[in-house]
Amino acid sequence: MAISVATRLLLLLAAAVALTVPVSAWRRPMRVTVYVQEYLGNGSETTEKVLVRGPGPVNYHRNIYPPNNFFGDTLVMDDLVTESLDNTSAPVGRVYGTYMLSSMSRPVYVVSFTLQLTTGRYNGSTIVMGGIDERLAVVDHAVIGGTGAFLGAQGHVLSKLVHAYSPTHVVMELDVYASVPVPWTQAEKEAPTSPFIIDH
């Protein structure tokens, strides 16, 4: 059955309108800033430990610190997250993840970590992040997802060293810039599905 010229024009107009609606109409921004208390070294308070000893060779770059300077060294983290850089400030969650020395000659780590918030309006929500860490003053990682209030999150996170209590206790600031899908209305949830979408 042929489609009339008027119908074609209406379809083209609808497509043009859909393409010109700004992304913000479907997503809303979210911003979170927290502080990660990292305890390094081999003491009882250590929250970052070697998970896998890499096969090498040794990476001699000046920004890679022995003994975790073998190519492939992988560390696991379970760091306390607080509301301010003060290590006695209120805890708001934990950061769990891994980072692996992924260059034989440069200070490049591949990182994957999840921020779990345990208090306040985002209690129980997580933000999943990953990318590379080249030991720069400010490191930019991708926000690749989340749960709870951050379900479907996209964006990026800036991390930087903001304080060193000692060589084995440093504080990193995580500044998360993300957006999440706007929740569907009840009417949208109850709308009939397209006849072209068939569940198997």
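The largest nonpolar core has 29 residues, and Val-34, Val-95, Leu-115 and Phe-150 touch the most other members. Such a core is a set of buried Ala, Val, Leu, Ile, Met, Phe, Trp, Tyr and Cys residues joined through side-chain atoms within 4.5 Å; buried means under 20% relative accessible area, exposed over 50%, and partly exposed in between, with a 1.4 Å probe and protein chains only. At least two core residues come from each of strands E1 (27–39), E3 (74–82), E4 (91–101), E5 (109–117), E6 (126–133) and E9 (169–181). Strands (E, at least two residues) are DSSP runs, numbered from the N terminus.

This is a predicted model: local features need pLDDT of at least 70, side-chain atom pairs count only at pLDDT 80 or more, and totals for chains, interfaces and linings use all residues. Residues are numbered from 1 along each chain as its sequence is written, and side-chain values use heavy atoms, with hydrogens and water left out.

I turn now to the aromatic rings. The whole structure holds 2 aromatic pairs, where rings of Phe, Tyr and Trp (its six-membered ring) pair if their centres lie within 6.5 Å; planes under 30 degrees apart count as stacked, over 60 as edge-to-face and the rest as tilted. Tyr-99 and Tyr-109 form an edge-to-face pair, because their ring centres are 5.6 Å apart and their planes stand at 70°. Tyr-99 lies in strand E4 and Tyr-109 in strand E5, 10 residues apart. Tyr-99 counts as buried at 12% relative accessibility, as does Tyr-109 at 4%.

Finally, E8 and E9 pair in the antiparallel sense over 11 bridges, where pairing requires at least two DSSP bridges between the strands. His-156 has Tyr-177 in E9 as its bridge partner, and 2 residues separate E8 from E9 in their hairpin.

Methods
Helices (H or I, at least four residues) and strands (E, at least two) are DSSP runs, numbered from the N terminus.
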